[in-house]
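This report describes the fold, the packing and selected residues of one protein chain. The sequence and the structure are shown first.

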Amino acid sequence: MTDSPDWRLYGTVGCHLCEQALEQLALVVGWQRVFGAVEQIDIADDDALLTAYQTRIPVLVSVPGGE
């Protein structure tokens, strides 16, 4: 496994949909890897991210592809 994550999950603390998305990712990549493979980004910490994603979270982005 590399040091950089494969995915970014944009969400916020207390978002039940974000928690469900992380659980589903864990089923795919396994709990052992999910925390190395997925970087969780809290949109509440960044005004630009909050504006972009506030009603769309959770948003999963491929780090290498940006999709």
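Cys 18 is buried, at a relative accessible area of 8%, where buried means under 20% relative accessible area, exposed over 50% and partly exposed in between (1.4 Å probe, protein chains only). Cys 15 likewise counts as buried, at 11% relative accessibility.

The model is predicted: local features need pLDDT of at least 70, side-chain atom pairs count only at pLDDT 80 or more, and totals for chains, interfaces and linings use all residues. Residues are numbered from 1 along each chain as its sequence is written, and side-chain values use heavy atoms, with hydrogens and water left out.

**Overall architecture**

The protein chain has three helices and three strands, which follow one another from the N terminus as β-α-α-β-α-β. Helices (H or I, at least four residues) and strands (E, at least two) are DSSP runs, numbered from the N terminus. Of the 67 residues of the protein chain, 30% count as buried. The accessible surface comes to about 4,700 Å², and 51% of that area belongs to carbon and sulfur atoms; the areas come from the Shrake-Rupley method with a 1.4 Å probe, and for residues only the protein chains shown count as cover. Among contacts with a separation of 6 or more, residues 24 or more positions apart account for 72%, contact meaning heavy atoms within 4.5 Å.

The three strands form an open sheet in the order E2-E1-E3, with mixed pairing; two strands pair if DSSP finds at least two bridges between them. Strand E2 (38–42) and strand E3 (59–62) stand at the edges with a single partner strand each, so one side of each is left without a neighbour in the sheet. Neighbouring strands are turned by 25° against each other on average, direction ignored. Axes are lines fitted to C-alpha atoms, for helices over the stretch in contact, and angles run from 0 to 180 degrees between N-to-C directions.

Strand E1 (residues 7–11) is joined to E3 by four bridges in an antiparallel arrangement, whereas five bridges join E1 to E2, which run parallel. Tyr 10 stands opposite Val 59 in E3 and has Ile 41 as its bridge partner in E2. Helix H1 (residues 16–29) lies across E1, E2 and E3, running at about 160° to E1.

**Nonpolar cores**

The largest nonpolar core has 10 residues: Tyr 10, Cys 15, Cys 18, Ile 41, Ile 43, Leu 49, Tyr 53, Ile 57, Val 59 and Val 61. Helix H3 (47–53) and E3 are the elements that give two or more residues to this core. A second, separate core of five residues includes Leu 9, Leu 22, Leu 25 and Ala 37. A nonpolar core is a set of buried Ala, Val, Leu, Ile, Met, Phe, Trp, Tyr and Cys residues joined through side-chain atoms within 4.5 Å. In soluble globular proteins, nonpolar side chains tend to be buried together.

Leu 49, placed in helix H3, is in contact with Tyr 10, Ile 41, Ile 43 and Gln 54 when its neighbours within four places in sequence are left aside.

**The cis peptide bond and selected residues**

The peptide bond from Ile 57 to Pro 58 is cis, with omega near 5°. Most residues other than glycine have a negative phi, and most peptide bonds are trans. Pro 58 has its place in the loop between H3 and E3. Gln 20, found in helix H1, is partly exposed, with a relative accessible area of 42%. Ser 62, in strand E3, is buried at 17%.

| Residue pair | Sequence separation | C-alpha to C-alpha distance |
|---|---|---|
| Leu 49 and Tyr 10 | 39 residues | 8.5 Å |
| Gln 20 and Pro 58 | 38 residues | 9.2 Å |
| Ser 62 and Pro 5 | 57 residues | 9.0 Å |
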